[in-house]
Amino acid sequence: MDDGEREQALLTALTTEHFVLQTSRSATVTESVGRATVFLSMLSAALIGLGFVASNAALVRPYLGAVLPTLVITGLLTFLRLVQNMVENELDLARIQRIRAYYHRRLAGEHDFFADAVQGEGIMRATWAAVGNAPRRAQLLLTTAAMVGAVNALLVGLAVTLLAGLAGLSSGFAIGVGTVLALLAFAAQVAYINRVSISQPG
């Protein structure tokens, strides 16, 4: 195989890979939306159920005792999978940027096609720029995983508040403890997102 044939074969392979990676990105986004929707639908159904039993004090405690742990566990599992989807999406986009950078170097000539994929600061900065974002850690708070993490934190805070109230503690103290633990739970989930993300924003 001469150089021209090798170049053509590589271009065909890269075009196919580009399509496959874009399809994979679409699949991760679709799964993320689906999982978040299922979790939030469960939460909505639980709140509706609470409305039905709220008039009977004898049923509220066993209902919350059954529903809250279920929601917390489901929420944590949903969060973990959403983080995996986020990382998969980042990897796919970074690989797409490398392919686009090759297109620019080898095929664009004097044109500026795909020039956004070639940046001196590195591939990850180009990856962030490709979706119109600045490379900042705060951007990770806008992900679906962070949204579900916030809901999880609220559920944990609510559960702790209710347990503290059942233990005979004052309402103010129970709310204070629940609030602190909710903030800690959210901070822990955000720290996990930052740790596993392959992006290295400033």
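This is a predicted model: local features need pLDDT of at least 70, side-chain atom pairs count only at pLDDT 80 or more; totals for chains, interfaces and linings use all residues.

Residues are numbered from 1 along each chain as its sequence is written, and side-chain values use heavy atoms, with hydrogens and water left out.

**Overall make-up**
- The protein has five helices and zero strands, where helices are DSSP runs of H or I with at least four residues and strands are runs of E with at least two, numbered from the N terminus.
- Of its 202 residues, 33% count as buried, meaning under 20% relative accessible area with a 1.4 Å probe, protein chains only.
- Among contacts (heavy atoms within 4.5 Å) with a separation of 6 or more, 74% join residues 24 or more positions apart.

**Helices H4 and H5**
- The axes of H4 (residues 144-166) and H5 (residues 171-196) come within 7 Å and cross at roughly 155 degrees, the axes being lines fitted to C-alpha atoms over the stretch in contact and the angles running from 0 to 180 degrees between N-to-C directions.
- That crossing angle makes H4 roughly antiparallel to H5, a term for angles over 145 degrees.
- Residues of H4 including Gly149, Ala153, Val156 and Gly157 meet residues of H5 including Gly178, Leu181, Ala182 and Phe186.
- By class, this contact of H4 with H5 has 15 nonpolar, seven polar and no charged residues, with Ala, Val, Leu, Ile, Met, Phe, Trp, Tyr, Cys and Pro counted as nonpolar, Asp, Glu, Lys and Arg as charged, and the others, Gly among them, as polar.

Methods
Angles under 35 degrees count as roughly parallel, over 145 as roughly antiparallel, 65 to 115 as roughly perpendicular and the rest as oblique. Buried means under 20% relative accessible area, exposed over 50%, partly exposed in between (1.4 Å probe, protein chains only).
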